[in-house]
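My notes follow in the order I looked things up.

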Amino acid sequence: MEQRRHWWNGKWGRLARRDVFLRVDADRWHVEQRAGGAEGISQFYEYGSADEAEETVRALLEGADAWRELSPRPPSAWGPAV
């Protein structure tokens, strides 16, 4: 599964932090909505097209939070250079 995009609401702490992830695996698109940081609670959505997944992302990002897009780390940042 490849992470394509990641948004964060700009807030720190388990009670306030929220993240939204857009991922793809072959021809299936996945959206994860997470509340509470890395150890928080997630909701998952699965779609057959990028358009459907992006529509859900837009809906999740609506509201008063100041969402920021975070760039996914390239694979080379995950381990030693080969």
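**Core.** I began with a term: a nonpolar core is a set of buried Ala, Val, Leu, Ile, Met, Phe, Trp, Tyr and Cys residues joined through side-chain atoms within 4.5 Å. Buried means under 20% relative accessible area, exposed over 50%, and partly exposed in between, with a 1.4 Å probe and protein chains only. The model is predicted, so local features need pLDDT of at least 70 and side-chain atom pairs pLDDT 80 or more, while totals for chains, interfaces and linings use all residues. Residues are numbered from 1 along each chain as its sequence is written, and side-chain values use heavy atoms, without hydrogens and water.

Which residues make up the largest nonpolar core? I found 12: Trp-7, Val-20, Leu-22, Val-24, Trp-29, Val-31, Tyr-47, Ala-53, Val-57, Leu-60, Leu-61 and Trp-67. At least two residues of this core come from each of β2 (18-25), β3 (28-35) and α1 (50-60). Helices (H or I, at least four residues) and strands (E, at least two) are DSSP runs, numbered from the N terminus.

I then looked up Val-31. Contact means heavy atoms within 4.5 Å. Beyond its neighbours within four places in sequence, Val-31 is in contact with residues including Val-20, Leu-22, Tyr-47, Ala-53, Val-57 and Leu-60.

**Sheet.** Next I traced the strands. Two strands pair if DSSP finds at least two bridges between them. In what order do the 5 strands lie? They form an open sheet, β4-β3-β2-β1-β5, with antiparallel pairing. β4 (41-47) and β5 (68-70) are at the edges with a single partner strand each, so one side of each has no neighbour in the sheet. On average, neighbouring strands are turned by 20 degrees against each other, direction ignored. For such angles, axes are lines fitted to C-alpha atoms (for helices over the stretch in contact), and angles run from 0 to 180 degrees between N-to-C directions.

α1 packs on this sheet and touches β1, β2, β3 and β4. The direction of α1 makes about 15 degrees with that of β3.

I went through the pairs one by one.

- β1 (residues 2-8) and β5 are joined by 3 bridges, and His-6 is opposite Leu-70 in β5.
- β2 and β3 pair over 8 bridges; Arg-18 has Ala-35 in β3 as its bridge partner.
- β3 and β4 share 7 bridges, with Ala-35 opposite Ile-41 in β4.

Then I checked the turns. The β2 and β3 hairpin has 2 residues between the strands, and Ala-26 there takes a positive phi near 60 degrees. The hairpin of β3 and β4 has 5 residues between them, and Gly-36 in the turn has a positive phi of about 100 degrees.

**Strand β3 and Trp-29.** Is β3 enclosed or open? I found 6 of its 8 residues buried, so β3 is largely enclosed by the rest of the structure. Trp-29 lies in this strand and is buried, at 14% relative accessible area. Trp-29 and Gly-48 are 19 residues apart in sequence, yet 6.1 Å apart in space, C-alpha to C-alpha.

**Rings.** I found 1 aromatic pair. Rings of Phe, Tyr and Trp (its six-membered ring) pair if their centres lie within 6.5 Å; planes under 30 degrees apart are stacked, over 60 edge-to-face, and the rest tilted. Trp-8 and Trp-12 are edge-to-face, 5.0 Å centre to centre, with 70 degrees between the planes. Trp-8 is buried at 8% relative accessibility, whereas Trp-12 is exposed at 68%.
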